[in-house]
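Hi,

Here is the structure I said I would pass on.

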Amino acid sequence: MTERLTPDEIGRAVELLRAGELVAFGTETVYGLGADARNGNAVAAVYAAKGRPSFNPLICHFASAATAFRYVKANALAEKLAAKFWPGPLTLVLPRQEGCPVSQLAGAGLATLAVRVPAQPVALTLLEAFGGPVVGPSANRSGRISPTTAQHVLAELGGRIAAVLDSGACPVGVESTVLDLSGETPVLLRPGGVTLEALEAEIGPIARAMGEASAPASPGMLASHYAPGLQVRLNATEIGADEALLAFGPPLAGAKLCFQLSASGDLREAAARLFEGLHELDDRAQALGLRCIAVQPIPATGLGLAINDRLNRAAAPR
Ligand code: TXA
Ligand code: MG
């Protein structure tokens, strides 16, 4: 049985992590599947519970930038972005420090490590109390929709993990932005909760490493990902008889089932509701005989870049 812990039971969550158990926890982006990053067996159990390909490295979560930078070599850009955006939905890829105790399995054997400080008070208290690096891939089975509530986590991983620390719904709703600062120039590996525009305002132009690769630099770049059970059709301007609607702005007429991302066309609200919407349509469509989710056009600016990235993966052939 998976224990469902309340925020006043953080002590229990810490005890389980120390024992090498898996504890899912809420962040401001999505729920992460937590484990002690220094414990190779615990990290292996994370890959097993998710069914994740072993080449896909995990993010390490910390309570502060000062702690994170004991594990990776920060440079001037990293210091600047950490000061501006941490705690928050930004992940930095940096070279490991010598003697970094994070298991090689967690980093998939790479010389770099992805680190982040989440902006979720319960998560920060957990990380502070635990005192070490905690891996936290999204707490879903590999290739499936990311969880934004404890209920989503239990539906995906209940019985396969020790506990979920319930801190309520995730306010940002899409994963962190992953930025590689380990090379000559910064490279965007995954668009996410901190917009490209906001990052470029701080540090200037950022290269974009998007699209598919057979050995992806960031396996969040795998084409088919975040997939609901239904087919997904993007940029819909009319609705088919067997389609549910994921609406953005004034909804298309004629849908038997509709989930509104944001009636006013607000990208922040749409990001926060995206995975919840995919979960809900997926759960309800089958009973209605629907086979596809039609998605209304969403502008690819600001948080819309991350939203479109996730929807493109959900729509990719599988
Ligand atoms: O918002 C988030 O980042 C959530 C919450 C729970 O914190 N976590 C999350 O973790 O999305 P995960 O493991 O599902 O995604 C990690 C992403 C993947 O695309 C992975 O390939 C990339 O970061 N990544 C991790 N380590 C890397 C490294 N050393 N070099 C390049 N990419 C890396
Ligand atoms: Mg994920």
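H1 and H5 are oblique to each other, because their axes cross at roughly 50° (angles under 35 degrees count as roughly parallel, over 145 as roughly antiparallel, 65 to 115 as roughly perpendicular and the rest as oblique). The axes of H1 (residues 10-18) and H5 (residues 121-130) come within 10 Å; axes here are lines fitted to C-alpha atoms, for helices over the stretch in contact, with angles running from 0 to 180 degrees between N-to-C directions. On the H1 side the contact uses Ile10, Ala13, Val14 and Leu17, and on the H5 side Thr125, Leu126, Ala129 and Phe130. Contact means that the C-beta atoms of two residues, placed from the backbone, lie within 7 Å. Seven of these residues are nonpolar, one is polar and none is charged (Ala, Val, Leu, Ile, Met, Phe, Trp, Tyr, Cys and Pro count as nonpolar, Asp, Glu, Lys and Arg as charged, and the others, Gly among them, as polar).

Before you go further: this is a predicted model, where local features need pLDDT of at least 70 and side-chain atom pairs count only at pLDDT 80 or more, while totals for chains, interfaces and linings use all residues. Residues are numbered from 1 along each chain as its sequence is written, and chains are lettered from A and ligands numbered from 1 in the order in which they are written.

The other helix pair is H8 (residues 267-285) with H9 (residues 304-315), whose axes come within 9 Å and cross at roughly 20°. H8 and H9 are therefore roughly parallel, and their crossing is left-handed. H8 brings Leu267, Ala270, Ala271, Leu274 and Leu278 to the contact, and H9 brings Gly304, Ala306, Ile307, Arg310 and Ala314. By class that gives eight nonpolar residues, one polar and one charged.

Ala306 turns up again with Pro191, which also touches Thr177, Leu196, Leu305 and Asp309, not counting residues up to four places away in sequence. Pro191 sits in the loop between strand E10 (187-190) and helix H7 (196-203). It is buried, with 26 C-beta neighbours inside 10 Å (buried takes 20 or more other C-beta atoms within 10 Å, exposed 12 or fewer, partly exposed in between, with C-beta atoms placed from the backbone).

Ile161 is another buried loop residue, with 25 C-beta neighbours inside 10 Å, and lies between helix H6 (150-157) and strand E8 (163-165). Beyond four places in sequence, Ile161 is in contact with Thr2, Leu22, Ala24, Leu33 and Ala49.

Some backbone details to check:

- Trp86 and Pro87 are joined by a cis peptide bond, omega about -5°.
- Ala108 has a positive phi, near 50°, and is partly exposed, with 16 other C-beta atoms within 10 Å.
- Asn235 has phi near 55°, also positive, and is exposed, with 12 other C-beta atoms within 10 Å.

Overall, the protein chain has nine helices and 15 strands (DSSP runs numbered from the N terminus: helices are H or I with at least four residues, strands E with at least two). Buried residues make up 52% of the 318.

Cheers

Notes
A crossing is left-handed if the near helix is turned anticlockwise from the far one by less than a right angle, and right-handed if clockwise.
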